[in-house]
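Please look through the sequence and the model shown below before reading on.

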Amino acid sequence: MDGAVDGAVDTVEVDVAVVGAGACGVLTALRAAEDPDLVVGVFEKSLREGCNAEISSGSLAAGGTCFQRAAGIADSPARHAEDILAASGDTTAEPVVQALCAAAPRYVEWLAETLGYPVEIGTDLPRAGMSVPRLHTDAGRLGGRRLMRHLREALATRPNVALVDEAPAVRLTTTGGRVDGVVVEQNHALVRVRATTVVLALDGFGANQVLMKEHCASLGDPFYGGVSTSTGDAIPWLTELGAGFRNMAACLRSGLVVLGHGTRVSPSLPFYGAVLLDLDGRRFVDEEAHGYSSLAGLIQQLPAQRAALVWDAEAHAATRESELMRETVRAGGFTTYADHAGLAAALGHDPELDPLPGRRRLEPPYHLAWVTHGVLATQGGAVVDPAGQVLRTDGTPIPGLRAGGGTAAGLAGPDSSGYSSGNGLLSAFGMGWIVGSELAGG
């Protein structure tokens, strides 16, 4: 990669070249732009196709925020990190997890106070493995599209930042072993972008069937709910540079994908009494003990790889304002039955609805959705240190290069069941905050 770039017809120079305009890339650029002397270029493959942050719930996991304190919730970055590590068992990632959790309350409060984003603490969003409520969401629960639109609008006001759409990166450039730029394709021509620092903030490789079969074959043939641009473009560039990779078999999965519709139901439903039944109408899991990623593995093992999720009016009222539930309602993703007999007829078996000890009993009418397992995003990626530096296999950093978002290894650990709710945006926004702030000297 040293030397001239064949076919490049133009050269531009920036201080920071960010590849990807998703959650990590945009936040990196926003924070780096705090230094007015830095020129930042953000190069995006396709805003039209979108990013995984846009199709997420937009919920931000953070411990120790002013929003939690106002609600009387005692939490801290340390407690947040402990919960994540307890779920993943990945002690090797502890320094990175701690750094991301320390950044989380800072950027959540910054989004609200500086950027004017309407943040509230989701006290009604319980999740498995989360010892206290710590998901922060937008007032109105409009999801990731609203969040990313708000951030990109803020980015557009920064005079020292240019976001270039339809400009996919095709390779990195180096001089003397240091990454010194990136080559992008724009208007069917190659452009060399020279930069002091390159930040790789691409999505993962969930839409690349070859890479999925290579690294995630054990997941079978799941529904894919991520974006089409998650093709793992950075993997060969990083491999050529000698970067290390971790947890390539792990994904953000969901066991709450509505069969035949591709929408999802709220992960909070089990905490309001919803039950999962197999094809014989029997319960097969303690629903509150598993996150939605862990549930995917259990449902994959069932006959026909599907289960019946049953909930009632009280559970529906508690969760219906989430973006996920609104999409499922619009899609007609569930059916309502007036009584036990009607539900039994629909299932072909007498359903086992008796609650586990300490749980509430569902009351008719009943809502029924058939759910299956899906993959939303990959969790494997490049090894980075707490400052986002990409590390070689020998543990040394690659000069001039940072990474976050789907390019970097996520927080689920080696197995998808270790994913905790909010981990995806935590790793993306957290590393964007860390890298961008350091570049700006903050």
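A search of the whole structure finds 5 aromatic pairs, where rings of Phe, Tyr and Trp (its six-membered ring) pair if their centres lie within 6.5 Å, and where planes under 30 degrees apart count as stacked, over 60 as edge-to-face and the rest as tilted. Tyr107 and Phe429 form one of these pairs, a tilted one with 5.9 Å from centre to centre and 40° between the planes. The pair links distant parts of the chain, since Tyr107 belongs to helix α4 (residues 94-113) and Phe429 to helix α12 (residues 423-439), 322 residues apart; helices here are DSSP runs of H or I with at least four residues, strands are runs of E with at least two, and both are numbered from the N terminus. The model is a predicted one, in which local features need pLDDT of at least 70 and side-chain atom pairs count only at pLDDT 80 or more, while totals for chains, interfaces and linings use all residues. Residues are numbered from 1 along each chain as its sequence is written, and side-chain values use heavy atoms, with hydrogens and water left out.

Tyr107 and Phe429 are both buried, a word that stands for under 20% relative accessible area, with exposed over 50% and partly exposed in between (1.4 Å probe, protein chains only). Ring pairs also join Tyr107 and Phe429 with Trp110 and Trp433 into a cluster. Over the ring of Trp110 sits the charged end of Arg31, 5.2 Å from the ring centre, and elsewhere Arg306 lies over the face of Trp370 at 4.6 Å from the ring centre; the rule for such a placement is that NZ of Lys or CZ of Arg is within 6 Å of the ring centre and within 35 degrees of the ring normal.

In soluble globular proteins, nonpolar side chains tend to be buried together. The largest nonpolar core in this model has 88 residues, and those with the most contacts inside it are Leu200, Leu401 and Phe429; a core of this kind is a set of buried Ala, Val, Leu, Ile, Met, Phe, Trp, Tyr and Cys residues joined through side-chain atoms within 4.5 Å. Helix α4 gives the largest share of this core, 12 residues. Apart from this core lies another, of 25 residues, among them Val265, Leu276, Leu295 and Tyr419. Leaving aside neighbours within four places in sequence, Phe429 is in contact (heavy atoms within 4.5 Å) with residues including Ala23, Leu27, Leu60, Tyr107 and Leu147.

How many disulfides does the rule give? The count comes to 0, a disulfide being a pair of cysteine sulfur atoms within 2.5 Å. For Cys24, the nearest cysteine sulfur is that of Cys51, 11 Å away, and the sulfur of Cys51 likewise has its closest cysteine sulfur in Cys24, too far for a bond. Cys24 is buried at a relative accessible area of 3%, and Cys51, at 5%, counts as buried as well.

The strands can be followed next. An open sheet of 3 strands has the order β3-β5-β4 with antiparallel pairing, two strands being paired if DSSP finds at least two bridges between them. Because β3 (60-61) and β4 (119-121) stand at the edges with a single partner strand each, one side of each is left without a neighbour in the sheet. β3 is joined to β5 (residues 135-138) by 2 bridges, and Ala61 has Leu135 as its bridge partner in β5.

Further along, β7 (residues 169-175) and β8 (residues 178-186) run antiparallel and are joined by 6 bridges, with Val182 in β8 as the bridge partner of Leu172. Their hairpin has 2 residues between the strands, and Gly176 takes a positive phi near 60° there. β8 also pairs in the antiparallel sense with β9 (residues 189-200), over 6 bridges, and in this second hairpin, again with 2 residues between the strands, Asn187 in the turn has a positive phi of about 55°.

Just after α10, Gly332 takes a positive phi of about 65°.
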